[in-house]
Amino acid sequence: MQQGKAYIAECECGRLLKPGWQCNQCRKSCPYCRRALTVDPNDYCDRCFAKCNIHGIFPITQQHQHHHYYYHSNSKSSSFPPTPPLLLVLYPFLTPLDCFLFCDIVCLNHTIHPPLEDTIHFIARVSIMAFRQCTARSWCHVRSNLLRWQPVATRRPLSLQPIRALTTVNEMATADISNKKHDPAAAATTAAAAPLSTTLDFTKPLDAVWEDYCYRVDHQERLTFQDFNLLCARIKKETEEGPDEAIRRLQSVMREMHRRKMPKEVFIRGCNMLVHLFIQKKDMKSARLVVDGMMRSNYRPDEVTVKTLFGGVMEVGGSLSDLHEIYETLQERRMFPEVSSVYQMLISMFGSRGLIDNARTYYAACLKKRIPLEPGVFNQMMLAYGTAELPEAALGVYQQMVKRGCQPTGATYHIIITLLQQAGMKEAMEHVFDDMKASGVAMNTSHFIASGWDPKQAIEELHRLDMQLSTRDYNTCIAHYIKRNQFPEALEVFRMMNEKGVDPDVYSFSIIMDTIARDRERPVDQVFAFHEEMKSHDIQPDVSVYTTLMAACTRIDGGLDKAMGLLSEMEQHNVMPNTFTFNAIFSLLSQQPNVTRADYERAEQLWNKMNQLGIKPDTRSYNTQLAILSRLVKPVEDTQPADQLWKTDGRNAFEMSGAAKEMLQLYRSMRKRCKRDFLTYTTVINTLVSAGQIRQAMQVYDDAKIARIRLPISVYNSTMKALKQANQISQIMNIWHDMKSMRVRPDNNTYTYALDACLQLGLRESFSAIRAQRRDDAERLLELERKREERMENKNAAAASATVEEETTLE
């Protein structure tokens with residue numbers, strides 16, 4: 001087609017092509033001669049490029065082509081290049097291009113001048129320098145020229161020196177032959193398999209490796225890309241001084257990598273680890289600065305970079321708008337990795353929070369990019385529509401997936417069948433179920449259960465279809481019954497496994513044992529019976545099973561000793577405990593009938609063991625420790641005078657006991673380690689009030705008020721009572737107003753304390769208002785009183801029953 005004087009071609013896709021026939025969708029152009037090529041990555045211009053079977057396609061520069069042609073056409077008339085001794089003098093000053101061209105000159109000129117041995121030795125030394133200073137592609141070219149010398153070299157015997165030099169080159173090539181591979185994971189695997197690919201000894205401890213690395217950097221010795229890869233990974237995982245030291249070391253390594261011009265893939269992988277460390281430190285600003293620095297240095301972030309950044313935003317408490325800002329920034333700079341897994345993550349993050357419009361936007365952008373789509377993108381979009389209760393839209397995504405030729409997986413069918421079944425779209429669900437049968441996707445019990453089948457019927461149907469059921473199929477049925485509180489049916493399926501010859505696994509036993517341990521009406525002995533049965537199947541219990549057993553120890557006599565024995569058994573079988581494991585033992589210690597100082601010392605030993613194993617205590621860990629200490633604090637008498645409970649000079653009325661001091665210290669240490677909850681404040685306030693430490697209790701109460709924690713009514717009542725005894729009447733009214741702001745409904749005791757305070761302070765209007773509120777609230781208060789009396793009766797009856805049972809046992 002002609003437009004003015006310019007001829008513009010039309011591409012197959014309908015686009016008008018500018019000179020050079022450039023079309024990003026259908027064709028590309030050679031950057032040197034503008035020759036039209038296809039977009040196939042294996043297609044290249046053979047006039048301007050060469051292809052290596054090892055390192056792929058690389059350009060042949062014009063200067064290289066000129067020298068190549070000159071020495072071909074003038075090989076007979078031209079003089080031979082400088083003699084080897086002269087070149088050996090010039091060796092330190094040769095550039096990579098000189099190495100490249102000299103090997104061409106010598107190898108293409110068929111006139112070999114003596115001494116042949118020195119010439120080959122020089123070629124070997126030049127090859128080593130080409131390998132050290134040039135890229136692996138340059139080395140490939142040099143090595144191919146050396147191979148041309150082999151027939152000539154065999155005409156006369158050679159000394160060992162040049163042969164050793166050539167051997168050195170071959171070993172170096174073997175060590176670094178994967179320098180241009182683009183998959184960091186594959187590179188790591190190669191490093192593990194090929195010991196010659198590293199110069200550092202990674203069998204040593206990290207500090208020794210780091211010392212060796214620093215020595216090599218200071219003396220400008222050779223380091224391979226595998227050295228940098230493995231060193232970065234070791235720094236990230238094993239630095240004992242904390243994330244700050246790991247970040248310092250990793251930044252130093254990154255600077256050295258950039259100075260040595262390591263492959264981009266290696267540098268980007270190091271940046272990804274640095275981003276992860278900053279996120280681990282909760283420093284999102286620095287993590288984003290690392291990514292910005294990558295882009296300014298023309299290092300394109302890969303999918304790991306972006307996914308780590310996205311995950312970090314949510315981990316440090318960022319908002320979804322921050323995610324969108326990062327996405328927009330990368331798109332503006334054309335640095336966003338256009339892969340489906342990143343879009344899948346965005347759809348999941350927005351869709352799981354009900355922001356269906358945002359999820360739909362990223363889904364549409366992914367389809368528009370025409371990148372290779374994976375089933376996960378469609379699966380996440382269907383889940384997003386499921387969260388938004390739009391099953392028709394989810395069905396549309398499934399149909400679009402089939403239309404685009406993306407094969408649905410078993411997970412895809414499970415998601416869409418579940419959504420359609422929950423929405424009551426039976427006809428559409430049956431149609432999808434038929435599609436699954438025809439597709440050849442391996443069906444399991446989860447697909448039948450999702451479509452509304454009873455688990456036992458699903459098992460029978462799969463047997464009827466001559467399909468082999470796995471342990472996972474039976475576990476799915478057991479979990480389905482337990483979730484619906486149908487334990488007899490779950491136990492029946494568990495026994496059915498043995499009848500059908502299917503061996504149960506750890507999860508099979510774990511869910512059964514956990515259900516029995518939680519059910520107070522079932523004999524706890526069954527938990528330990530299943531544990532023995534588990535051993536008879538030669539199945540090693542995992543940490544979840546041991547934690548369940550320790551939780552069951554709270555219902556047996558001598559449970560603490562039993563739990564400690566289980567902890568020792570875990571150590572013998574190299575099973576690493578977790579926070580829940582230690583919390584189960586802490587609960588046992590706090591529930592002892594008479595807690596002693598020895599119990600707290602044992603709890604302290606367990607606490608130190610947690611720190612040694614690198615296990616971080618959570619809020620429950622702290623609460624159980626506080627509960628143990630609270631039982632060691634002795635309460636003061638209620639008849640203490642007011643001036644003893646609240647001194648005007650701010651001093652404590654009573655000397656604080658050691659247990660109370662330790663409890664306050666533990667409470668304060670929680671601030672930087674984990675979140676305090678209502679149970680934390682309740683335990684500390686009630687304990688300090690009972691110990692006569694009212695000033696300290698009010699400080700903790702103010703902490704709860706600032707944190708907007710809604711405390712139980714018992715805490716407000718006990719605090720009001722203590723303030724009344726200390727003659728701090730005005731503060732009682734402050735607590736009354738705090739309760740109103742937190743919407744805590746008062747009981748009879750609360751009304752009594754507030755009305756007494758109004759009378760003493762002369763607040764007539766407040767007195768009348770509170771009294772009227774109490775009359776309006778009379779019905780609820782009577783119900784509360786009735787429930788309180790009922791609880792007391794049940795408690796007394798249980799105590800009497802326990803006494804009779806104990807007497808019967810003694811008789």
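What follows is a short chat about helix pairs, annotated repeats and salt bridges.

Reader: What kind of model is this?
Author: It is a predicted model.

Reader: OK, helices first. At what angle do helix 16 and helix 17 pack?
Author: About 160°. Helix 16 covers residues 356–368, and helix 17 covers residues 375–387. Their axes are 10 Å apart.

Reader: So are they roughly parallel or roughly antiparallel?
Author: Roughly antiparallel, because angles over 145 degrees count that way.

Reader: And is the crossing left-handed or right-handed?
Author: Left-handed, for helix 16 passing helix 17.

Reader: Which residues meet there?
Author: From helix 16, they are I356, A359, R360, Y363, C366 and L367. From helix 17, they are V377, F378, M381, A384 and Y385. The contact between helix 16 and helix 17 has 10 nonpolar residues, no polar ones and one charged.

Reader: Next pair. How do helix 19 and helix 20 cross?
Author: At roughly 160°, and their axes come within 9 Å. Helix 19 is residues 410–422, and helix 20 is residues 426–439. Helix 19 and helix 20 are therefore roughly antiparallel. Helix 19 passes helix 20 in a left-handed crossing.

Reader: What touches what in that pair?
Author: Helix 19 brings Y413, I416, I417, L420 and Q421. Helix 20 brings A428, M429, V432, F433, D435, M436 and S439. Sorted by type, the contact of helix 19 with helix 20 has nine nonpolar, two polar and one charged.

Reader: What about helix 13 and helix 14? What is their angle?
Author: About 155°, with the axes 9 Å apart. Helix 13 spans residues 303–315, and helix 14 spans residues 320–332. So helix 13 and helix 14 are roughly antiparallel too. The crossing of helix 13 and helix 14 is right-handed.

Reader: Which residues make that contact?
Author: V306, L309, F310, V313 and M314 of helix 13 contact L320, D322, L323, I326 and L330 of helix 14. In the contact of helix 13 with helix 14, nine residues are nonpolar, none is polar and one is charged.

Reader: New topic. Where does UniProt place the PPR repeats?
Author: The unreviewed UniProt entry lists several, including residues 374–408, 409–443 and 505–541.

Reader: How far apart are the ends of 374–408?
Author: The end C-alpha atoms of residues 374–408 lie 9 Å apart. That span is 74% helix and 0% strand.

Reader: And 505–541?
Author: For residues 505–541, the end C-alpha atoms lie 9 Å apart. This span is 68% helix and 0% strand.

Reader: Last thing. How many salt bridges does the structure hold?
Author: It holds 28. One joins the side chains of E256 and R259, at 2.6 Å from N to O.

Reader: Where do E256 and R259 lie?
Author: Both lie in helix 10, residues 243–259. E256 and R259 are three residues apart, about one turn of the helix.

Technical notes: Residues numbered from 1 in each chain as written. Predicted model: local features only at pLDDT ≥ 70, side-chain atom pairs only at ≥ 80, totals over all residues. Heavy atoms only, no water. Axes fitted to C-alpha atoms, helices over the stretch in contact; angles between N-to-C directions. Helix = DSSP H or I, 4+ residues; strand = E, 2+ residues; numbered from the N terminus. Parallel < 35°, antiparallel > 145°, perpendicular 65-115°, else oblique. Left-handed = near helix turned anticlockwise from the far one by under 90°. Contact = heavy atoms within 4.5 Å. Nonpolar A, V, L, I, M, F, W, Y, C, P; charged D, E, K, R; others polar. UniProt positions renumbered as here; feature names shortened; annotations may be inferred. Salt bridge = Lys/Arg side-chain N within 4 Å of Asp/Glu carboxyl O.
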